[in-house]
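The overall chain is treated before a single site within it.

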Amino acid sequence: MNAKAILFVFLVALLVSACGGARKPAEFVWSLTGDPNPFNNPDGIAADSQSNLYVMDSGNSRIQKFDGDGNFILMWGSKGNNDAQFDCSPFCMVAVDGVGNVYVTDNNNSRIQKFDSTGNFLMKWGSFGSEDGQFDVPFGIAVDRQGNVYVGDVGNARIQKFDSNGNFLMKWGSRGYEDGQFSADLADIAVDSKGRIYVTDRTNGIYQFDENGQYLTRFKACGDENIIVSATGVAVDLQDNVYFYDLSYNRMCKYDSNGQFLNTWNGSDSPEGAFTAVGGVAVDQEGNIYVAEFFDGRVRKFRQP
């Protein structure tokens, strides 16, 4: 190969590298429909420190727990407004803290419920309204490494922060379409190891806030120049990479915590084919990614490429 050819190959490789290279989709591992208890509108999804998976089976008003291989462990819940009952219309969300406690946004009951890892009811807080600690359709939920709980209060267009016992700590947000504001489509929440908070909004896209609720940035869409206009589930791994679902194009997006685009895939390489609509997203201790497809009644697991 002559010098000009070598230079050409080098320049092409450099260009490919600058554009992110040949990104590989995440590898499909398994698909789960809730057997022996079929899902109905699964949406909220979370993984604990042992990589067990909790699925908010919203249409059936219950939580199902599985191990990392998709084996059923237990379930709890029913429709209603008593302790350990849920009213999810259309969806409830779920989060798990570092010791395995499970938190659920019981949206039509305007409250948060807390359980241990075996489904025993521990406590609840909240009521309908706009005062501190009240909710108007609580939806997205996340827990940070100190055990603080963040709740997306959709009807009040704000995020509320509580300690692990439900004591109100702070709030931020207002209704609108400017940076840091929320629409009526406020969706999901995740928190990284540095306390940065990621919020998805199906109208405004995905925001990053600092630990005090101060707006930092808005993410672009999967390497495109366009701002994401419809984002649903979001999760963060142990390296603070951020995963979220871009509902506009039915694809998963992966970024680092500085907003640098890393990867995207749409599920088309798995047996079920491309994604249709994903609500919840979770990442376990090994970096495996789980997506809850609410219309298809399915959860899929993917391994990092």
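## Surface and basis of the model

The chain has an accessible surface of about 12800 Å², and carbon and sulfur atoms account for 48% of that surface (Shrake-Rupley method with a 1.4 Å probe). The model is predicted, so local features need pLDDT of at least 70 and side-chain atom pairs count only at pLDDT 80 or more, while totals for chains, interfaces and linings use all residues. Residues are numbered from 1 along each chain as its sequence is written, and side-chain values use heavy atoms, with hydrogens and water left out.

## Overall fold

The chain contains one helix and 26 strands (DSSP runs: H or I of at least four residues for helices, E of at least two for strands). Its C-alpha trace spans about 75 × 45 × 30 Å along the principal axes. Of the 305 residues, 56% count as buried, meaning under 20% relative accessible area with a 1.4 Å probe.

## The site of serine 183

Serine 183 lies in the loop between β15 (168–172) and β16 (186–191). This serine is buried, with a relative accessible area of 2%.

Leaving aside residues up to four places away in sequence, serine 183 touches Arg175, Gly176, Tyr177, Asp201, Thr203 and Asn204 (contact: heavy atoms within 4.5 Å). The side chains of serine 183 and threonine 203 make a polar contact at 3.5 Å; such a contact is a pair of N or O atoms within 3.5 Å, one able to donate a hydrogen and the other to accept it. Valine 154 is 29 residues from serine 183 in sequence and 7.9 Å from serine 183 in space, C-alpha to C-alpha.

Key
Buried < 20%, exposed > 50% of the residue type's maximum accessible area, 1.4 Å probe, protein only.
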